[in-house]
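Reader: I would like to learn how to read salt bridges in a model. Please start from the general idea and then go to the case.

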Amino acid sequence: MKTLKVELGERSYPIYIGTHLTHDASLLAPHVHGKQVCVVTNTTVAPLYLERYTSLLQQQGFEVSSVELPDGESYKNLETLDLIFTRLLQARFNRSGTVLALGGGVVGDMAGFAAACYQRGVNFIQVPTTLLSMVDSSVGGKTGVNHALGKNMIGAFYQPQAVLADVAQLATLPKRELAAGVAEVIKYGLICDQMFFQWLEENIDRVMSGDPEALEYCVERSCQDKAKVVAQDEREGGIRAILNLGHTFGHAIETAQGYGNWLHGEAVATGMLMAVDLSVRMGFVENSVLKRATALVERAGLPVMGPGNMSNEQYLELMAVDKKVQDGRLRLILLRQLGEAFVISDIAIDALNHTLDVFRPS
């Protein structure tokens with residue numbers, strides 16, 4: 001097992017990474033506050049792992065309740081969030097209790113947001129069960145829900161007490177979901193870790209075949225990279241924005257296509273290539289970087305083209321509803337070189353339109 005730490009002063013917390021960690025109750029118990037635990041999961045994860053975690057917690061003397069949410073990005077909204085609040089109230093959950101998020105990114109985001117809001121804040125723990133949630137959404141404290149007009153526009157920064165990433169749980173992950181997580185893994189190589197990008201080029205076939213050692217390394221390296229960035233900028237006032245490479249494009253795709261039709265990682269994969277393409281067009285990086293990124297995304301089984309039914313106008317309209325927009329000015333994350341990202345607001349609109357044109361299938 002590897003233990004990393006997100007350094008945030010009094011809000012610092014550990015990330016435990018390993019295989020079959022759920023057999024060790026001593027990892028979870030120290031981070032549970034009070035006697036009450038509410039496990040938030042979904043209808044897909046519950047049959048696989050809910051009984052295991054419930055038993056594990058009960059053996060430690062905790063009172064355990066649970067709520068099963070419908071599965072899918074389309075349910076990441078205020079209506080579904082209310083199911084969590086209702087269950088907490090039914091269980092007479094008090095402020096000293098702990099919410100445990102057991103699932104992928106949607107579950108983690110909603111459970112964290114519920115924990116941030118319920119009685120103005122209760123303890124919570126992240127137990128991610130997908131690669132995407134292990135390497136991205138469970139770390140850093142971003143929580144929230146979607147709105148019909150924009151993704152993740154309603155939420156809060158709220159840090160967990162701990163993150164428990166059991167790589168053994170990825171064995172039940174469908175191939176498409178695994179690939180979606182790999183998109184976020186590739187992102188770290190592009191934005192801040194050139195050596196990791198090179199490792200991925202050499203080992204992507206092992207990763208996609210589900211090799212436990214390769215997956216554990218991906219989770220560890222990705223969490224290391226993210227923890228470093230979050231420690232410098234917890235609330236995304238500056239450098240943390242680089243973690244959103246490709247996300248402004250990707251969120252526009254997700255919103256336009258209907259949440260869940262394109263998985264988040266699929267939309268981010270195409271969005272990252274759009275961002276790299278724009279970086280080339282604006283003269284920041286060589287075209288060879290785009291070729292390498294495209295080849296790696298393609299080998300991961302991810303889309304390298306956007307949807308065919310989105311106009312440039314629709315992209316720009318949806319991109320304008322983005323958390324990185326400041327004073328009406330669109331900001332994007334681009335590359336200066338492989339392994340170095342930066343935020344730019346002075347965007348060449350002609351170059352942006354060319355990028356959008358190139359990624360629209362003919």
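Predicted model: local features only at pLDDT ≥ 70, side-chain atom pairs only at ≥ 80, totals over all residues.

Author: Residues are numbered from 1 along each chain as its sequence is written, and side-chain values use heavy atoms, with hydrogens and water left out.

Reader: What is a salt bridge, and how many salt bridges does the count come to?

Author: A salt bridge is a side-chain nitrogen of Lys or Arg within 4 Å of a carboxyl oxygen of Asp or Glu. The count by this rule is 17 salt bridges. One of them joins the side chains of lysine 2 and glutamate 220, at 3.3 Å from N to O.

Reader: Which parts does the pair of lysine 2 and glutamate 220 tie together?

Author: Helices (H or I, at least four residues) and strands (E, at least two) are DSSP runs, numbered from the N terminus. Lysine 2 belongs to strand E1 (residues 2-6) and glutamate 220 to helix H8 (residues 212-232), so the pair ties together parts 218 residues apart in sequence.

Reader: Is glutamate 220 buried or exposed?

Author: Buried means under 20% relative accessible area, exposed over 50%, and partly exposed in between (1.4 Å probe, protein chains only). Glutamate 220 is buried, at 14%, whereas lysine 2 is partly exposed, at 36%.

Reader: Where does the salt bridge of aspartate 193 and arginine 221 lie?

Author: Their side chains meet at 2.8 Å, N to O. Aspartate 193 is in the loop between helix H6 (175-192) and helix H7 (194-208), and arginine 221 is in helix H8, 28 residues apart. Both aspartate 193 and arginine 221 are buried.
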